[in-house]
Amino acid sequence: ELTEPTASVHDAVQYLENTFSLFSQSLPLCVAKTAFLQAYEMINELLKSSIDQLPSYLLSDSRCLSQIYMDVNFCRDQIRHTSCFDKEHITYAQSVFDNLTQFLMLIINEDYENYIRTYQHKKNPYRCVSAGEVSSVLRRLRENTQKNAGFLKSFTKQGRDKKRYFDDLLRQFSDL
């Protein structure tokens, strides 16, 4: 069971908090807030690119994705503890991570049918995630399944069903 963010994310957030504390004492508050928000946007982009760079076989490893999800939530939670942010800034700063949080939950829960079903509804739990992002991951997952299946496994019913499942999802996502 995962309970802690990775050390590198924890250290980066601590560094940001210390830096922001110094900034808020020596710079105008609006400049310090902007710097802090941009730093969190950069952390979000780095975490997102780490998913893009994951080997395909790790995309289907729920422990790996859960760890990244925990890191993202750690960053979101730390924003609340930033002393100089008002409620509006906290809400905006936390929303920086919405896309990544929703994207990870979609993949971890394999909730693709729900995404398709609620695609243009207001109550879509994955409203920040684009169909293109999901399609990209599904292609990588399909490739990984094909690699793991090997030549003979592709002739079995289970191998064909898994391939058909990904092909159907990809077709539906391309229609969105």
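The structure is a predicted model, in which local features need pLDDT of at least 70 and side-chain atom pairs count only at pLDDT 80 or more, while totals for chains, interfaces and linings use all residues. Residues are numbered from 1 along each chain as its sequence is written, and side-chain values use heavy atoms, with hydrogens and water left out. The protein chain contains nine helices and zero strands.

**Overall fold**

- Helices (H or I, at least four residues) and strands (E, at least two) are DSSP runs, numbered from the N terminus.
- From the N terminus on, the elements follow the order α-α-α-α-α-α-α-α-α.
- Along the principal axes, the C-alpha atoms fill a box of roughly 65 × 35 × 25 Å.
- Of the 176 residues, 41% count as buried; buried means under 20% relative accessible area, exposed over 50%, and partly exposed in between (1.4 Å probe, protein chains only).
- A contact means heavy atoms within 4.5 Å. Among contacts with a separation of 6 or more, 71% are between residues 24 or more positions apart.

- A nonpolar core is a set of buried Ala, Val, Leu, Ile, Met, Phe, Trp, Tyr and Cys residues joined through side-chain atoms within 4.5 Å.
- The largest such core has 46 residues, of which Tyr40, Tyr112 and Phe173 touch the most other members. Helix H2 (residues 29–52) provides the largest share of this core, eight residues.
- Helix H2 has 24 residues and spans 35 Å from its first C-alpha to its last, close to the expected 34 Å; the expected span is 1.5 Å times one less than the number of residues.
- The buried residues of H2 include Phe36, Leu37, Tyr40, Ile43 and Leu47, and also Lys33 and Lys48.
- Apart from its neighbours within four places in sequence, Tyr40 is in contact with Val13, Leu16, Cys75, Gln78, Ile79, Val96 and Phe97.

**Surface**

- The protein chain exposes about 10,500 Å², and carbon and sulfur atoms supply 53% of this area. Accessible areas come from the Shrake-Rupley method with a 1.4 Å probe; for residues, only the protein chains shown count as cover.
- Phe23, Leu27 and Val31 form a nonpolar surface patch with about 210 Å² of accessible area together. Patches are made of residues with over 30% relative accessible area and no salt bridge; like charges are joined within 9 Å, and nonpolar side chains (Val, Leu, Ile, Met, Phe, Trp, Tyr) within 5 Å.
- Val31 is found in helix H2 and is partly exposed, at a relative accessible area of 39%.

**Salt bridges**

- Side chains of opposite charge can pair when their charged atoms come close. A salt bridge is a side-chain nitrogen of Lys or Arg within 4 Å of a carboxyl oxygen of Asp or Glu, and the count comes to five.
- Asp98 and Arg76 meet in a salt bridge at 3.4 Å, N to O. Asp98 lies in helix H6 and Arg76 in helix H4 (residues 62–79), so the pair ties together parts that are 22 residues apart in sequence.
- Asp98 is buried, at 18% relative accessible area, whereas Arg76 is partly exposed, at 21%.
- Asp61 pairs with Arg63, their closest N and O atoms being 3.6 Å apart. Asp61 is buried, at 19%, and Arg63 is exposed, at 62%.
- Asp168 and Arg171 form a salt bridge at 3.5 Å, N to O. These two residues are three apart in helix H9 (residues 157–175), a separation of about one helical turn.
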